[in-house]
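Please work through the following exercises with the sequence and the structure at hand. Each task is followed by a solution in steps.

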Amino acid sequence: MLRAFHSRISTRLYSVKTAKKDAQKYTDTINLPRTKFPNRLTAAKREEQERQILDHKFAAAYLYQEQHKRKPSFVLHDGPPYANGQLHMGHAVNKILKDITLRQRVVHGQQVNYIPGWDCHGLPIELKATNSASGEQKPLDIRRKSRAFALEAIKSQKEEFRSWGVLANWQQDDIYLTFKPEFIANQLQMFYNLFERGLVYRDLKPVYWSPSSKTALAEAELEYDANFISPSVYLRFPLNGLTSSAVTKGKQIFALVWTTTPWTLPSNQAICYNSSLEYVLVRLSNRRPDELYLMASALVADFEATTQLQCEIVERLAGSDLGKCSYQHPIDKTQAALPFFDASHVQDSKGTGLVHTAPAHGPDDFLISLTNKLPIKCYVNEAGIYTDEAPDFLRGQSVLKEGNPLVLQHIAEDVVHVSQLQHSYPIDWRTKQPVIIRASEQWFINTDKLKAPAAAALEQVDIFPRANAEASKKAMLTQLHKRPYWCISRQRAWGVPIPVLYKRNSNEVVLSAALIKHLCGQLLSEGSMDFWWSKSLEELLPDELLKQLGCQAEELVKGSDIFDIWFDSGSTWSAVLKEPQQVADLYLEGYDQFTGWFQSSLLTSIAARNCAPYKALFVHGFTVDEKGHKMSKSLGNVISPKEITKKYGTDVLRWWVASHGTQHMAITVSDKLLQQSAENLSKVRGTLRYLNGVISQQQEQLDELSMAKQDGSYLNKYLLHQLLGFEEEIEKLYNAYEYNRVVSSVQNFIANQVSGIYVHLIKDRLYCGDDQELKLIRHTLTQCYRQLCKALWPITPYLIEESWSYYDATGGAFHEQTVQAHKDWTNLEANEVVNTALEIKRIINQQASDVNSWNLAVSINCTSKEQLERLIALNGKLHVPVTNSELCEILQVGSVTLHAEVEAGADVAQVKLDSSNAPLCPRCRRFSIMEQEICTRCTHILAVKQ
């Protein structure tokens with residue numbers, strides 16, 4: 001502890017007129033910071049400044065780092081955004097986080113590899129490109145409009161990405177597009193490779209189907225409506241084959257089934273039960289007494305609560321007793337003996353323990369049909385309309401609109417209870433309309449063969465942020481294991497056609513290496529896959545190829561499916577990672593990509609080369625407004641990146657992303673936070689401007705060892721020591737992708753070590769000291785300036801390049817520099833000495849109130865020998881007042897007297913303050929004067945200057 005004692009402190013009065021006179025007389029002799037670097041820019045000037053930096057500094061930055069930075073390259077593989085419109089704040093968060101990641105590698109001397117890409121196919125683009133057209137459109141018209149729309153979107157987005165300062169080879173247009181011929185040819189080769197190895201196959205399976213889009217959908221293309229309303233129906237199926245007993249004799253027995261999809265009942269082919277459950281026969285309060293109903297015993301209470309019907313249990317049965325039962329179809333009465341099957345997916349958590357099974361409309365149902373060789377009856381077409389094979393009363397009707405009420409009306413006699421259920425239901429991510437599960441012929445990747453190696457590879461992948469790493473990895477592994485299969489075919493026109501022929505009579509697949517090679521040749525020659533739609537097979541296939549295929553052209557038909565866009569984007573690694581086993585160091589996307597791009601990329605890479613395509617994943621959240629609402633035009637809460645950059649400048653947008661984009665899954669966008677970012681960046685700009693003013697233009701680099709020998713200042717050594725720790729901390733935070741903490745660390749370092757301690761304490765020496773002192777201060781602050789530029793360039797590159805242009809008279813860019821703290825700056829002694837003095841200063845500040853501290857005479861009795869030695873290092877003498885020591889400078893007092901007496905074991909330092917009324921030097925306002933006009937120090941310095 002430190003204790004301070006002080007005597008009466010008089011108030012010193014200042015004359016305003018005298019101060020003005022002194023300022024006029026001595027201003028020219030003061031070393032005031034001078035720079036043309038402006039304190040602020042107008043919006044017009046800022047826009048012009050950014051354009052100049054973009055064209056003359058950033059344009060060459062990517063190629064420069066390729067040629068001058070050390071290998072191995074840090075590879076960040078770009079997850080492709082959709083080429084379908086204007087950029088929003090989600091794009092800004094993603095692209096700027098990627099750019100900060102790249103720039104921090106460059107600034108630390110490492111080469112980076114980053115090729116921006118675009119996802120150019122798929123329904124989102126097709127819908128926007130064709131929304132003004134009416135009626136059915138031809139595939140080639142759709143493709144022409146979609147391509148033109150995508151190209152225009154890419155042009156616009158690319159220019160905006162570039163304006164954000166994103167580091168890439170924009171000059172040579174080094175980008176990847178999923179509709180480029182080279183990309184598609186690579187994709188077709190991969191598809192054939194997987195087909196040959198049995199990892200891709202065609203089959204009839206139930207898949208998520210969007211009637212509104214008329215195509216199959218992947219899991220990643222689904223959203224969920226938490227408030228969807230479905231009918232909740234308990235219905236009865238006449239039951240046969242149950243072992244008779246005294247209780248059942250003469251009774252009519254029904255199987256009681258619960259469903260929320262009555263529209264699927266025409267396709268019913270079985271009822272599933274669980275042989276490990278107990279079942280009961282019950283008599284219902286609203287039904288005839290000679291009717292008995294079969295259900296699981298554990299669900300009786302739930303049934304009573306839901307329906308308000310009373311159940312009288314008349315007999316208990318083991319689940320194993322149901323194996324020989326059969327039932328009559330509720331609609332097609334000719335199917336009078338449909339089977340019961342034992343199935344583990346039947347549980348006693350909801351329903352009745354008996355499950356209606358329609359193989360065409362459910363994955364579990366489908367697996368049952370495979371095991372038991374049931375027919376798969378699908379009466380629903382691609383628009384979600386009942387076909388002509390459906391029962392008469394349903395033909396031509398929509399399954400989602402009229403299907404449920406029509407079916408319930410038709411089987412009204414067998415409906416025991418009907419109500420409504422509000423639950424989560426899948427909807428099409430683009431049209432926002434409900435989807436169904438529908439069996440259709442599709443192409444699939446055999447995920448069963450890939451799950452184990454994919455899970456093993458994922459275990460070796462690092463996930464950031466670290467705080468959520470384990471939960472994120474567990475969730476992705478769970479999704480991976482749950483995935484039944486991956487449907488990679490879609491029924492649209494805008495995409496890469498699946499390059500398969502079929503025999504007209506048997507629907508047998510016709511595919512060969514020669515066919516793929518021929519199609520790739522056509523693709524590279526014509527520049528697109530439009531020929532798949534424009535040419536007949538006679539035009540498309542040469543005689544030699546037909547001969548190899550063993551077919552005539554008229555015996556074949558072209559496939560009409562295109563690849564799922566997740567297969568497009570999931571295979572982008574093969575277009576960017578050129579080496580056979582090359583792996584990206586990082587994939588960086590929103591957390592929704594755990595079920596999307598992260599997973600599709602992993603599966604395709606495992607399938608093609610048995611390794612993950614990435615070493616690490618970094619996930620960020622999604623932008624919301626200040627109330628936590630998702631941004632949407634309908635809510636009127638959208639803030640676009642263009643609005644922000646126009647109002648505040650690009651660096652404020654980047655500062656906001658760094659400050660808020662890495663630590664929360666909901667990233668708030670608000671005027672308040674943006675204004676706060678602008679104010680914080682303005683303070684940083686002020687600090688850089690001050691440093692620019694002090695150090696002026698770049699001087700010839702001085703030998704560090706020589707400077708260290710010349711420099712006896714503990715404050716100089718203290719700041720250099722702090723800079724070494726600052727550099728290590730910033731690099732550590734950057735490598736952990738904790739960019740919000742980088743921002744905080746930079747702000748804290750500027751506010752405390754730079755402004756609060758060093759710059760504040762050396763002002764007298766800087767403004768009024770001799771040339772040698774000024775030289776050493778400039779050297780110290782130059783190192784500080786360079787380290788701050790290094791820390792800030794990844795986040796605010798425009799500001800740093802602007803500031804650097806006032807420092808580097810040669811016109812060089814900051815990205816061309818190599819900034820590295822010297823290990824020789826380590827100085828634990830200077831750190832301890834200055835911190836000891838700062839402890840004393842804190843006590844003086846508490847006691848001195850608002851008195852001018854340069855009028856104080858301080859007397860210090862130390863608590864320990866170590867403390868005394870540290871203060872002697874700064875003060876030099878004992879028992880006599882010293883006025884010009886570095887201890888006086890740090891304490892900002894007129895004189896310090898150190899006493900050698902140390903009380904053994906004492907833990908309280910005594911600090912005594914005395915005040916003086918002596919006038920201070922009008923030039924430095926530090927040293928006392930008596931009769932002379934200025935102090936001795938200033939007199940000597942002015943004499944030297946003259």
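The model is predicted, and local features need pLDDT of at least 70, side-chain atom pairs count only at pLDDT 80 or more, and totals for chains, interfaces and linings use all residues. Residues are numbered from 1 along each chain as its sequence is written, and side-chain values use heavy atoms, with hydrogens and water left out.

**Exercise 1. Determine which salt bridge Arg937 forms, and where its two partners lie.**

Step 1. Recall the rule: a salt bridge is a side-chain nitrogen of Lys or Arg within 4 Å of a carboxyl oxygen of Asp or Glu. By this rule the count comes to 40 salt bridges.

Step 2. Apply the rule to Arg937: its partner is Asp764, and the closest N and O atoms are 2.8 Å apart.

Step 3. Locate both residues. Arg937 belongs to helix α31 (residues 936-945) and Asp764 to helix α25 (residues 763-768), so the pair ties together parts that are 173 residues apart in sequence. Helices (H or I, at least four residues) and strands (E, at least two) are DSSP runs, numbered from the N terminus.

Step 4. Consider a network as well: Arg236, Glu291, Lys333, Glu413 and Asp414 are joined into one by salt bridges that share partners.

**Exercise 2. State whether Arg395 and Asp392 are buried, partly exposed or exposed.**

Step 1. Compare the values. Arg395 is partly exposed because its relative accessibility is 38%, whereas Asp392 is exposed because its value is 59%.

Step 2. Note the link: the side chains of Arg395 and Asp392 form a salt bridge with an N to O distance of 3.0 Å.

**Exercise 3. Identify which residues make the nonpolar surface patch.**

Step 1. State the rule: patches are made of residues with over 30% relative accessible area and no salt bridge, where like charges are joined within 9 Å and nonpolar side chains (Val, Leu, Ile, Met, Phe, Trp, Tyr) within 5 Å. Accessible areas come from the Shrake-Rupley method with a 1.4 Å probe, and for residues only the protein chains shown count as cover.

Step 2. Name the members: Tyr591, Phe622 and Met665 make a nonpolar patch of about 250 Å².

Step 3. Examine one member. Tyr591 lies in the loop between β26 (586-590) and α18 (597-609), and Tyr591 is partly exposed, with a relative accessible area of 37%.

**Exercise 4. Find where Thr357 lies and which backbone oxygen is 3.1 Å from a polar atom of its side chain.**

Step 1. Identify the oxygen: the backbone oxygen of Val355 lies 3.1 Å from a polar atom of the Thr357 side chain.

**Exercise 5. Describe the backbone at Pro72, Pro465 and Tyr737.**

Step 1. Inspect the prolines. The peptide bond from Lys71 to Pro72 is cis, with omega near 5°, and Pro72 is in strand β2 (residues 70-77). The bond from Phe464 to Pro465 is cis too, with omega near 0°, and Pro465 is in the loop between β19 (462-464) and α11 (469-482).

Step 2. Inspect Tyr737: phi is near 60°, a positive value in a residue other than glycine. Tyr737 is in the loop between α23 (714-735) and α24 (739-761), and at 5% relative accessibility Tyr737 counts as buried.

Note on methods: A polar contact is a pair of N or O atoms within 3.5 Å; within protein, one must be able to donate a hydrogen and the other to accept it, and residues adjacent in sequence count only if both atoms are side-chain atoms. Buried means under 20% relative accessible area, exposed over 50%, partly exposed in between (1.4 Å probe, protein chains only).
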